[in-house]
Structure formats: structure tokens, C-alpha cells
Amino acid sequence: MFKVNPYRPGAGLMPTYLAGRDEDIQNVEQMFDALRLNVPTQSIIFSGLRGVGKTVLINRLQKLAEDKDIFCKHIEVEERNDFISQIASCSQAFLRKVSTKEKFKNLIQKPLDAIKALVVSFDPNDNTFSLSLQEKELYKSINLTQSLTEVFTTIGETAYKSETPICFFIDEIQYMRSKELGALIAALHRTNQLGYPVMVIGAGLPKIYKMLSDEKSYSERLFLYKEIGSLTYEQSKNAIEIPASKFGITYSNRAVEKIISLTKGYPFFIQQMCQIVYKNTDEKEIEYYNVEENIDEFFKTLDIGFFKVRYERCADSDKKFVFAMVKCGELPCTISNIAKNLHKNVNQISTTRAQLISKGIIFPIRYKELDFTVPEFSGYIQRLDEYKQWRKES
């Protein structure tokens, strides 16, 4: 018989109950209120490991912004680097919205020309605009920062005059190219200086703080930084109990404690564990032994999905680097200890280190120390036969 399951593990899937993010949502709601009053507002960057709910949070914030009649567009940056085409498309969508009101149609041409210049110069495969060779030369720019700044300031001016504030939601921001990220920061900075109601809410892995500060020193003043981590005990308890309570199902205290212990309070892990336990339990109260009986299925599900998909992105040299990190025992670990475990010097493994950071598998934490972007990834590696064999041989 079909059984409705209130738990929803997935990439960015909104849980039936969003635990532990009330303060963040309330703070951003106040910023949205300021934006609606044409008050320039700091942008926000949320960072955290995989599975902490960054995408879920910004999706919730986007819905909140839309309810306040703020123009919103979601951009997910991918490793194939399609940021320019996406920001151009989002800007065009904004102009289409504004142009539906007759009194604002005169505001469209200047930002439209700026978008044309951006697309023609930096996304040559985009055929959005049918231009002659002469026109293409006219719109061509050689400076991405200037071109993107022109787009932001002109749509910002339109947003101000039409009283239609804009918020771009940018997920996986760590995959942006360096020059694109630098251009985005400069464009947003200039738009804020001019007092236009445009803001960005971004989300990504922990390395984005360093990426932003490396690009522009003033990025620390341009953005509010918020780290999203695992849930507290009480927040985890709510994430476990509240969804099931709607169906008259409760958890014993020992069952809750066991789930929190297993999941370490990471929202995705809680959703995955509870979905499995709920599916396999017919009683009205979920007990400790119900959780115990499903631990193997929980780890198996994570291993063949959440963990494996990241592990399979690693080349052979990447895997050995990861093995060497796990062999250190305690994370984060120093680059010198990793090199020692690989029987190499630090310079010899620097390329692999850079590749793994670029792929979003590891990130630098503190001086010359590294950790995994995926919580509990070291436990998965330790369960692999490939790792066990490497340990024997090394």
C-alpha cells in the first residue's frame, strides 16, 4: 500500500518543514523591505558544505522576494561556465516585464543595448540578437567588467525609475570564472554606489570567501557573509519530528538521539535517514531499534548516490590524494602530511590539489590545511575496497 512520506532528501528539494533557518529568513526579509523602498542593500553570500541546505534556503528566499513583488531570477552556475548567457537572459526577462507597462517602455533601449554588447562580446555562441557584421562591430567590447557594469547600471536605473527592484539568486557561485566573478563584483559595486535597487544572493562552497576577496578587496563591504552549517540538537529534533507529526507519527527520545548522532545534524542526511526509517516502520511511534535496523540501508543509499557521484569525478591521481587525506586520520589535514602519505613533496601534488579544489571536492581551511566539501566523506572513503587496497600497498 502506498504510504505518503513527509521526508524529501534531494538536491535543493524544499523539505516539508525547513528547520533552523528562521533567523536568516527574517533578516533577509527586512533587507527585501528596504530594497522595495529603493534603498540600496548589501548583497548576501551563503556558504557551507554539501548537504547543509544552501540551495533550499535561497529557493525559500526567492519565493519570499517574489511575494514582495521583487523581480527575481535563479542562476545556477555550472562548470561549463555559462554565467554570461544566464545573466543576459535574466536581464532581458526583467526588461520584458517592465515593457508591459506603457509608461516605462522608453526605459528599455539603453539597457537592451548594454545586454547586446555583453552577449556579442562575451557569449559569441548566443544567437539571441540577429545583427549584421557592422552592428556586431558596433556593439563589440573588449572589457568584461565595463560591459557587465553597463548592464547592471542600466537595468538598475530602469529598476529605480519603474519601482521594480531586482534580486539575482546565484547558486554554485564557486564555479564562476575568475574574470566573471571580478566583473560581477565591480558591476554590483557601481550599481550600489548609484543607489539602484539591485542585489545578489549567492550560495556556494566555503572557498567562495577567498575567491571574492582575491578578486576585489572591497567585496568584504559589498557582501554580508553567512556560513550555513549543521543544525543544532533542537533544530535537528524539529526537522525529525515535525514532518511526521502531521501524520500522527512520533519518535522516542532515544530514536531522535540516534538519528542526530548518525547524521551529525546535516539537513540532507536527516531527510535521507528519516525517509528510510519512516518508509520501513509501521508503528505509530518510531523507536530506537527502528533506527538501528535501517542504518545499513542509510549508508548504502548515501554511498551509491550522494558520495559516489562525487568520488567518480576524481581522476586516479585525485583519488590517491583523497586517500592520503583520509589516512591523516583527523581533518582538516595539512598539505605537508598529505604529501608525506603520498611519498612526494608538496610541489609535486600542488596540481592535483588545485584540480580537486576546482572540482569542489576539497577546500582550503586555515593556513595550508584542507578538508572535504562533503560531510562524512572520509567515512565513505574508508568503506571503499579501493582505499583498503591502497592502504595495504602504501
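I looked up Phe247 first: at 36% relative accessibility, Phe247 counts as partly exposed. The scale I used calls a residue buried under 20% relative accessible area, exposed over 50%, and partly exposed in between (1.4 Å probe, protein chains only). Tyr278 has 5% relative accessibility, so Tyr278 counts as buried.

I noted that this is a predicted model, where local features need pLDDT of at least 70 and side-chain atom pairs count only at pLDDT 80 or more, while totals for chains, interfaces and linings use all residues. Residues are numbered from 1 along each chain as its sequence is written, and side-chain values use heavy atoms, with hydrogens and water left out.

I then searched the whole structure for aromatic pairs and got 24. Rings of Phe, Tyr and Trp (its six-membered ring) pair if their centres lie within 6.5 Å; planes under 30 degrees apart count as stacked, over 60 as edge-to-face and the rest as tilted.

I checked Phe247 with Tyr278: the ring centres are 6.5 Å apart and the planes at 65°, so this pair is edge-to-face. Phe247 is in the loop between helix H10 (233-245) and strand E6 (250-251) and Tyr278 is in helix H12 (residues 267-279), so the pair ties together parts 31 residues apart in sequence. Helices (H or I, at least four residues) and strands (E, at least two) are DSSP runs, numbered from the N terminus.

I checked Phe268 with Phe306 next: with centres 4.8 Å apart and planes at 25°, the pair is stacked. Phe268 and Phe306 are both buried.
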